[in-house]
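Subject: A structure for you to explore

Hi,

Here is the structure I promised you. Have a look around it first, and then read on for what turned up.

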Amino acid sequence: MAPHPSLTPAQLAAFAERGYHIHERLFSDAEVDAINAAADRVIAGVHDKGAPPDVVILRRAPVDLIKIDNTWKADSTLARTVLSPRLAAIAAQLIGAPSIRLWHDQLLDKPPFGGRVVTYHQDWAYWQMIAECETVTCWIALDDVRPDSGPMVFLEGTHRLGLWPTPMGITGDDAQKPALPPGFVTREVPVVIPRGAVSFHHGLLLHGSDRNFSPTRRRALVSHVMSGECTYRPGQEHQNEWIMKRYAEHPQPGEKFRGPQFPVMWPPSQD
Ligand SMILES: O=C(O)CCC(=O)C(=O)O
């Protein structure tokens, strides 16, 4: 079994300071080819696990939005990828978590010369059903990301500013950049990475993305993960709340997340 990636103290300190960590080439070309083929099958409605994903948004021009949530339920290649101990090992180190569970996954596809603006936002602002902000988004590039293909852009260090209101209409035409406190020093960091590389960001880091102005697709498979210590807090609507209740095993308010909706990724059973 390949050793799980281990981060240096300098990488952990940089994550604490900046709110993100970019890890080069966690998935090989052959793996990315297989993931892309699986993603195209799921987009076409083919499910090798015999069940559909939880939420499917497939809008063609002029809206151009492909967003499929919880592909792991539908496809074994995508499940292996989003539940990979490679991702979980890194996420656990970044947030100092003893264990990691999947919150949900997302397949995102920005078509050539298309896609929508994703307004600057914080992931955890939409996930208030998780009481503790111990979440990491693991964003796997499935195409070489170019400066003009609508990369995610991080506002470095903004995870240290606490929780912001959620923007209206997160995918639209208006970038809605937040007004940061005077004197707060940040920089815009475009996530321009090769396919197979993975970007990890903190649940409070402000980030967004532009349309794809390039002739190539900009696909990503995203594994949103949380510490196994996180607990369920009702109050803000989230699809995971009603979906988890389809299963006999799910958390009660105040309990740690458990049950089939939130698979354990770390410690690993096997790679
Ligand atoms: O891929 C994008 O453009 C945005 C993704 C995002 O906001 C996220 O994964 O948290």
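How many Å separate an oxygen atom of the ligand from an N or O atom in the side chain of Trp-139? The answer is 3.0 Å. Please keep in mind as you read that this is a predicted model.

**Around the ligand**

Taken alone, the ligand would expose 300 Å², and the protein buries 95% of that.

In total, 13 residues surround the ligand. Asp-123, Trp-139, His-207, Ser-209 and Arg-218 are the closest of them. By type, the shell is made of six polar, four nonpolar and three charged residues.

β4 (100-110), β6 (135-141), β11 (207-209) and β12 (218-227) each supply at least two residues of the shell. The biggest contribution is from β12, which gives three residues.

**Two covered strands**

Now turn to strand β3, residues 65-69. Four of its five residues are buried, so the rest of the structure largely encloses β3. You can find its partners on screen: β3 pairs with strand β2 (residues 55-59) in the antiparallel sense over five bridges, and four bridges join β3 to β4, again antiparallel. Asp-69 is a handy landmark here. In β2, Val-55 stands opposite Asp-69, while in β4 the residue opposite Asp-69 is Gln-106.

Strand β7 (residues 152-155) is another one to inspect.

Which strands pair with β7? One is β11, joined to β7 by three bridges and running antiparallel. The other is strand β9 (residues 188-190), which also pairs with β7 in the antiparallel sense over three bridges. Phe-154 stands opposite His-207 in β11, and His-207 is among the residues closest to the ligand. Leu-155 stands opposite Glu-188 in β9.

Is helix α4 (residues 85-95) mostly covered or mostly open? It is mostly covered, with nine of its eleven residues buried. Among the buried ones are Pro-85, Leu-87, Ile-90 and Leu-94, and Arg-86 is on the list too.

Both ends of α4 are worth a click. After the helix comes Gly-96, which has a positive phi, near 60°.

**Aromatic rings**

The structure holds six aromatic pairs. One of them is formed by Tyr-232 and Phe-257, a tilted pair with 6.2 Å centre to centre and 50° between the planes. This pair links distant parts of the chain, 25 residues apart: Tyr-232 sits in the loop between β12 and α5 (239-244), and Phe-257 sits in the loop between α5 and β13 (264-266). Both Tyr-232 and Phe-257 are buried. They also belong to one aromatic cluster together with Trp-103, Trp-127 and Phe-262.

Asp-75 lies in the loop between β3 and α3 (76-82). Its relative accessibility is 0%, so Asp-75 counts as buried, the cut-off being under 20%. The side chain of Asp-75 reaches two backbone nitrogens, that of Thr-77 at 2.9 Å and that of Leu-78 at 2.9 Å.

Glu-24 is found in the loop between β1 (20-23) and α2 (29-43). With a relative accessible area of 47%, Glu-24 is partly exposed. From Glu-24 to Arg-187 there are 163 residues in sequence and 21 Å in space, C-alpha to C-alpha.

Enjoy exploring, and write back with any questions.

Best wishes

Terms used: Residues numbered from 1 in each chain as written. Predicted model: local features only at pLDDT ≥ 70, side-chain atom pairs only at ≥ 80, totals over all residues. Heavy atoms only, no water. Near = heavy atom within 4 Å. Polar contact = N/O pair within 3.5 Å; in protein donor to acceptor, adjacent residues only side chain to side chain. Areas by Shrake-Rupley, 256 points an atom, 1.4 Å probe, with all protein chains shown as cover. Nonpolar A, V, L, I, M, F, W, Y, C, P; charged D, E, K, R; others polar. Buried < 20%, exposed > 50% of the residue type's maximum accessible area, 1.4 Å probe, protein only. Pairing = 2+ DSSP bridges. Phe/Tyr/Trp six-rings, centres within 6.5 Å; stacked < 30°, edge-to-face > 60°.
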